[in-house]
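Hi,

Here is the structure I promised to pass on.

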Amino acid sequence: MLAGVLLGAQLAAAQTPAPQPATTLADAVRAAWRRSVHATEVAGQQRRAQAERTAASAPWAEPPSVELDYRTDRLQTDAGSRETELGVAIPLWLPGQRAARRASAEAEESAANAAQAAGELQAAALVREAAWGLTRQQAEVDLAAQQVQVLDALASDVERRVAAGDLARVDALAARAELLAATAGLSQARQALHAAVIQWSALTGYASAPEDLQAEQAPADATLGDAHPALRAARLGIELGRKRLDAVQASSRSAPEFVARLRQDRSARGEPAANSIGVGLRIPLGTDDRNAPLQAAALNELAAAQATEQQLKVQLQAEVDQARAAALAAEQQLAHESERSKLMRERASLIERSFRAGETPLPELLRALSDAARAEADLHRQSAALGLARARLQQALGILP
C-alpha cells in the first residue's frame, strides 16, 4: 500500500531531483554503497591484497639489484691497469617464506571481499531507514491531502446551508478555519516529504523509494548465523591475523642473496684482458631483536581480531533479540490501530449523517472528522513503523536485500 513512493505534484520541479526509473531495494543498496567512502577504502584494500599476491608469486623475495665496479691506476702509476666487474644480486626466499607470504595475501584478499559485504550491509541499514522514512512522509502527504478534500467539501456544504438559512454564520467560519488548518498541515507534510526526498537522493541518487519495500520480511524462525557478513568479516580478520603472524615468523631474517659476477682484468697497457665469472651467496645474520617488534605487532593484531569477534557475536545477538521483540510489538500495535481507525471512521460517518439531518451541531462533526483523521494517520504511521521494524530485523540478521 505504501510501496512505490513517487514525488507528488506538490513539489516544485526545479527543486526535485531528476526522475529515475523504478528501483528495487537491492539497486538502492548497491547505489548507496558505490557512493560511500568505505567502498573506496575497501577497493584500495583489494588492490593491495592483489599486489601482495603478485609479489608473493615472484621468483625472488625482493627486487634484484645490479652491481658495477671499476678500478684503474690512472691517478697513480698510470701503467694501464684496469678492472671492471658487473654483478647481479638476487634475493632468495627463505624456507617456507614464499608460501606464508602467498597465504597472507590470499587471506587479505578474502578479508577485503568480506569487508565489502559487511560494508554493503551497513549501507543497507541507511537505505532501509531512509526508504521507510520517505514512505511514511509520502503517506502523511496523502492523508493530509485527503483531509483537505473532506474539509473543503464540508465547508462548501456549510456555506450553502448558511446561505439557505439552515445554519448560522459562525458554523461557516468554523468550517473554513478547520479547512485552513488542514491546508497548513498539508503544506508542512509536503515540506517534510521534500526533505526526505533530498535525503534519499543524496544517499542513493534516486528520486523514488523502491517498489519492493513491502516485500522484505525475515522468516519467522530466522536466527543469527555464521553467514552474517559482519561475523564473516570478523572471522576472516582472525584468519588474516594468523597468516600475517605465520609470514612474520617465516621471515625471521633478511633474504639471502645469490650473486653472479662477470669480471674483466688487464694488468698493464698493451696486455690482453682476462675474463672471469664468479658466483657467491650472501647470508645476512639475523637476531631475535630484529623480528621481535614485527612478531609482537602481529600477535597484537590477532588478539584484537579475536576479541572483536567475541564482542561482535554478543552485540549482534542482542540486536536480533531486540529487533524481533520490536517487530512483534509493532505487529500487535498495528492491529490495535487498525481497529481504532475503523471505529473512528464509522463514528465520523454516523455523526456526519446526523449533522446533515440537522440533529448534531457542526463542532461535534468537526471533532469527529479530526479524530478519524488522526486515527487514520496513526494507522499509516504504524504500518510504516511495522515495515521498518521488519527491515531492522532483516538488518540485525545480516540479510541483504
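**What I found**

The protein chain has seven helices and four strands (these are DSSP runs numbered from the N terminus, H or I of at least four residues for helices and E of at least two for strands). Starting at the N terminus, the order is α-α-β-β-α-α-α-β-β-α-α. The radius of gyration is 38 Å, well over the 21 Å that the globule rule gives for 401 residues, so the chain is more spread out than a compact globule. (That radius is taken over C-alpha atoms, and the globule rule is 2.2 Å times the number of residues to the power 0.38.) Along its principal axes, the C-alpha trace spans about 135 × 45 × 30 Å.

Before you read on, this is a predicted model: local features need pLDDT of at least 70 and side-chain atom pairs count only at pLDDT 80 or more, while totals for chains, interfaces and linings use all residues. Residues are numbered from 1 along each chain as its sequence is written, and side-chain values use heavy atoms, with hydrogens and water left out.

**Inside**

Of the 401 residues, 38% count as buried (buried is under 20% relative accessible area, exposed is over 50%, and partly exposed is in between, with a 1.4 Å probe and protein chains only).

The largest nonpolar core has 50 residues, and Leu154, Val158, Trp200 and Leu362 touch the most other members. (A nonpolar core is a set of buried Ala, Val, Leu, Ile, Met, Phe, Trp, Tyr and Cys residues joined through side-chain atoms within 4.5 Å.) Two or more residues each come from helix 1 (25-34), helix 2 (37-56), helix 3 (97-163), helix 4, helix 6 (288-356) and helix 7 (362-396). Helix 3 gives the most, with 16 residues. Leaving out residues up to four places away in sequence, tryptophan 200 touches, among others, Ala28, Val127, Leu134, Tyr206 and Pro210.

There is also a second, separate core of 11 residues, including Ala222, Leu312, Ala396 and Leu397. Two of those names come up again with histidine 228, whose contacts beyond four places in sequence are Leu121, Leu316, Gln395, Ala396, Leu397 and Gly398. Histidine 228 sits in the loop between helix 4 and helix 5 (229-250), and it counts as buried because its relative accessible area is 3%.

**Outside**

The accessible surface comes to about 22,000 Å², and 54% of it belongs to carbon and sulfur atoms (areas are from the Shrake-Rupley method with a 1.4 Å probe; for residues, only the protein chains shown count as cover).

Val66, Leu68, Leu86, Val88, Leu262 and Ile277 form a nonpolar surface patch, together about 620 Å² of accessible area. Strand 1 (65-72) and strand 2 (82-91) are the elements giving two or more residues to this patch. Valine 88 lies in strand 2 and is partly exposed, at 34% relative accessibility.

Aspartate 378, in helix 7, is partly exposed too, with a relative accessible area of 25%. Beyond four places in sequence, aspartate 378 touches Glu337 and Arg340. Its C-alpha atom is 28 Å from that of arginine 356, 22 residues away along the chain.

Alanine 181 is in helix 4 (residues 169-204) and is partly exposed, with a relative accessible area of 48%.

Cheers

Conventions. Patches are made of residues with over 30% relative accessible area and no salt bridge: like charges are joined within 9 Å, nonpolar side chains (Val, Leu, Ile, Met, Phe, Trp, Tyr) within 5 Å. A salt bridge is a side-chain nitrogen of Lys or Arg within 4 Å of a carboxyl oxygen of Asp or Glu. Contact means heavy atoms within 4.5 Å.
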